[in-house]
Amino acid sequence: MDLYWISNAKFSALFADHGYDINETNNYFGSKAKRLRKFWNDESDSVVYPILKDLLNYATSICEDEVVGGNSDDMDRARKIVEDLQNKNPIREGCLYANKK
């Protein structure tokens with residue numbers, strides 16, 4: 001997973017918008033991809049879903065071809081993962097679930 005297309009500041013702000021600190025000061029170390037994987041492992045799908053959805057929306061907004069190197073299959077897989085998370089844990093749009101597992 002390569003997250004070169006999103007700055008560290010934007011990545012951190014995206015999580016902060018949902019009430020989470022994804023920075024190294026909060027036990028999240030390494031690359032953005034490593035921090036995202038740790039967050040996903042630590043939190044429930046209902047917490048991860050809205051953040052991944054926003055991350056995917058941001059990726060799409062800055063230029064889908066640039067983000068995935070022109071590979072629409074990668075973007076389709078990402079959308080399917082986010083959709084599966086939503087279907088697995090139905091979440092009402094606009095609601096923030098900050099409960100842990």
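Student: Which residues touch the most other members of the largest nonpolar core in this predicted model?
Tutor: The model is predicted, and its largest nonpolar core holds 23 residues. In soluble globular proteins, nonpolar side chains tend to be buried together. The members that touch the most others are Leu 3, Phe 11, Phe 15, Leu 36, Phe 39, Leu 52 and Leu 55.

Student: Which helix gives the most residues to this core?
Tutor: At least two core residues come from each of H1 (8–16), H2 (32–42), H3 (45–67) and H4 (72–88). The greatest contribution is 8 residues, and the helix that makes it is H3.

Student: Which residues does Leu 3 touch, leaving aside those up to four places away in sequence?
Tutor: Leu 3 belongs to the group of core residues that touch the most other members. With residues up to four places away excluded, the partners of Leu 3 are Phe 11, Lys 32, Ala 33 and Leu 36.

Student: What pattern does the chain follow along its sequence?
Tutor: The chain contains 4 helices and 0 strands. Read along the sequence, the pattern is α-α-α-α.

Student: Why do the buried residues of H1 line one face of the helix?
Tutor: The buried residues of H1 are Phe 11, Ser 12, Leu 14 and Phe 15. Viewed down the axis of H1, these residues line one face because they fall within an arc of 155 degrees.

Student: How wide an arc do the buried residues of H2 cover around the axis?
Tutor: In H2, the buried residues are Lys 32, Ala 33, Arg 35, Leu 36 and Phe 39. Their placement on the same side of H2 follows from an arc of only 165 degrees.

Student: Which exposed residues does H2 carry on the face turned away from its buried side?
Tutor: An α-helix has 3.6 residues a turn, so residues three or four places apart point the same way. The buried side of H2 includes Leu 36 and Phe 39. On the face turned away from that side, the exposed residues are Lys 34 and Asn 41.

Student: Is His 18 buried or exposed?
Tutor: His 18 lies in the loop between H1 and H2, and its side chain forms a polar contact of 2.6 Å with that of Asp 54. The relative accessible area of His 18 is 12%. A residue under 20% is classed as buried, therefore His 18 is buried.

Student: How far apart in space are Asn 27 and Lys 38, C-alpha to C-alpha?
Tutor: Asn 27 is also found in the loop between H1 and H2, and it is exposed, with a relative accessible area of 53%. Asn 27 and Lys 38 are 11 residues apart in sequence. Their C-alpha separation is 9.3 Å.

Student: What distance separates the C-alpha atoms of Arg 79 and Leu 52?
Tutor: Arg 79 sits in helix H4 and is partly exposed, with a relative accessible area of 32%. Along the chain, Arg 79 and Leu 52 are 27 residues apart. The distance between their C-alpha atoms is 9.4 Å.

Student: Which element of the chain has the lowest mean pLDDT?
Tutor: The mean pLDDT of the chain is 76, and 76% of its residues reach 70 or more. Among the elements, the highest mean, 92, belongs to H1, and the lowest, 78, belongs to H4.

Terms used:
Residues numbered from 1 in each chain as written. Predicted model: local features only at pLDDT ≥ 70, side-chain atom pairs only at ≥ 80, totals over all residues. Heavy atoms only, no water. Core = buried A, V, L, I, M, F, W, Y, C linked by side-chain atoms within 4.5 Å. Buried < 20%, exposed > 50% of the residue type's maximum accessible area, 1.4 Å probe, protein only. Contact = heavy atoms within 4.5 Å. pLDDT = per-residue confidence, 0-100. Polar contact = N/O pair within 3.5 Å; in protein donor to acceptor, adjacent residues only side chain to side chain. Arc of directions from axis to C-beta.
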